Amino acid sequence: MPKRTSHEESACPVARPLDVLGDGWTLLIVRDAFDGLRRFGQFQKNLGLAKNILSARLATLVAHGVFELAPAADGSPYQEYVLTEKGRALFPVVTALRQWGERYFFTDDEPRARLVDRAAGAPVAPVEVRAADGRVIGPEDTEVLLP
């Protein structure tokens, strides 16, 4: 299997995170953490992922500060994977991906998991990109400035 190209020296803020998040399993682990999973066995059971692959992905997420290891909340001798501030900051990214998936990968009548506001029970509003003045903007309204 060819080794993946590292983007750690890239000037692109889309490319660099792909070294950590560019694997589909990794985003599903983060998704599961947002859903309340914290233990290796919970992730493994929910994803059906081979233990060696899960272990490698979790180690990468810990090494890059997306998760931190903490003693189990129930006082057992286990450790739990807890999202850090950096990890919690992925919530809008995962939410946008979820909403994009709902829009383009399901028919209207097809059952699917839905993200709702816990307090109101209503669907979460679509993620929008806004200019500093509050206007909703799209790709045609932006440009990339290189260093």
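Visitor: Which residue forms a salt bridge with Arg38?
Guide: That's Glu80, and the closest N and O atoms of the pair are 2.8 Å apart. By salt bridge I mean a side-chain nitrogen of Lys or Arg within 4 Å of a carboxyl oxygen of Asp or Glu. Before we go on, this is a predicted model: local features need pLDDT of at least 70 and side-chain atom pairs count only at pLDDT 80 or more, while totals for chains, interfaces and linings use all residues. Residues are numbered from 1 along each chain as its sequence is written, and side-chain values use heavy atoms, with hydrogens and water left out.

Visitor: OK, and which parts does the Glu80 and Arg38 pair tie together?
Guide: Glu80 lies in strand β2 and Arg38 in the loop between α2 and α3, so the pair ties together parts 42 residues apart in sequence. Those labels come from DSSP runs numbered from the N terminus: helices are H or I with at least four residues, strands are E with at least two.

Visitor: Is Glu80 buried or exposed?
Guide: Buried, at 6% relative accessibility. Arg38 is partly exposed at 32%. The cut-offs are under 20% relative accessible area for buried, over 50% for exposed and partly exposed in between, with a 1.4 Å probe and protein chains only.

Visitor: Which residues are linked with Arg38 and Glu80 in a network of salt bridges?
Guide: Arg39 and Asp74 are linked with them in that network.

Visitor: How many salt bridges are there in the whole structure?
Guide: A search of the whole structure turns up 7. One of them joins Glu128 to Arg130, with the closest N and O atoms 2.4 Å apart. Glu128 is partly exposed at 43%, and Arg130 is partly exposed too, at 46%. Arg135 also forms a salt bridge with Asp133, at 2.9 Å between the closest N and O atoms. There, Arg135 is partly exposed at 47%, while Asp133 counts as exposed at 55%.

Visitor: Let's zoom out. How many helices and strands are in the chain?
Guide: There are 6 helices and 2 strands, and along the sequence they run α-α-α-α-β-β-α-α. The C-alpha trace spans about 50 × 45 × 30 Å along its principal axes.

Visitor: What share of the residues counts as buried?
Guide: 24% of the 147 residues. The chain exposes about 10900 Å², with carbon and sulfur atoms supplying 57% of that; the areas come from the Shrake-Rupley method with a 1.4 Å probe, and for residues only the protein chains shown count as cover.

Visitor: And the largest nonpolar core, which residues touch the most other members?
Guide: Ile29, Phe43, Leu58, Leu61, Val66 and Phe67, out of 18 residues in that core. The elements giving two or more residues to this core are α1 (15-21), α2 (24-34), α3 (40-47), α4 (51-63) and β2 (79-83). A nonpolar core here is a set of buried Ala, Val, Leu, Ile, Met, Phe, Trp, Tyr and Cys residues joined through side-chain atoms within 4.5 Å.

Visitor: What does Phe43 touch?
Guide: Not counting residues up to four places away in sequence, Phe43 touches, among others, Ile29, Leu58, Phe67 and Tyr81, as well as Arg38. Contact means heavy atoms within 4.5 Å.

Visitor: Switching to α6. Where does Gln99 sit, and is Gln99 buried or exposed?
Guide: Gln99 is in helix α6 and is buried, with a relative accessible area of 17%. A polar atom of the Gln99 side chain lies 3.0 Å from the backbone oxygen of Ala125, and one lies 2.8 Å from the backbone nitrogen of Val127. A polar contact is a pair of N or O atoms within 3.5 Å; within protein, one must be able to donate a hydrogen and the other to accept it, and residues adjacent in sequence count only if both atoms are side-chain atoms.

Visitor: What about Leu97, which nonpolar surface patch is Leu97 part of?
Guide: One of about 560 Å², made with Trp100, Tyr104, Phe105 and Phe106. Leu97 is found in helix α6, residues 91-105, and counts as partly exposed at 44%. Patches are made of residues with over 30% relative accessible area and no salt bridge, joining like charges within 9 Å and nonpolar side chains (Val, Leu, Ile, Met, Phe, Trp, Tyr) within 5 Å.
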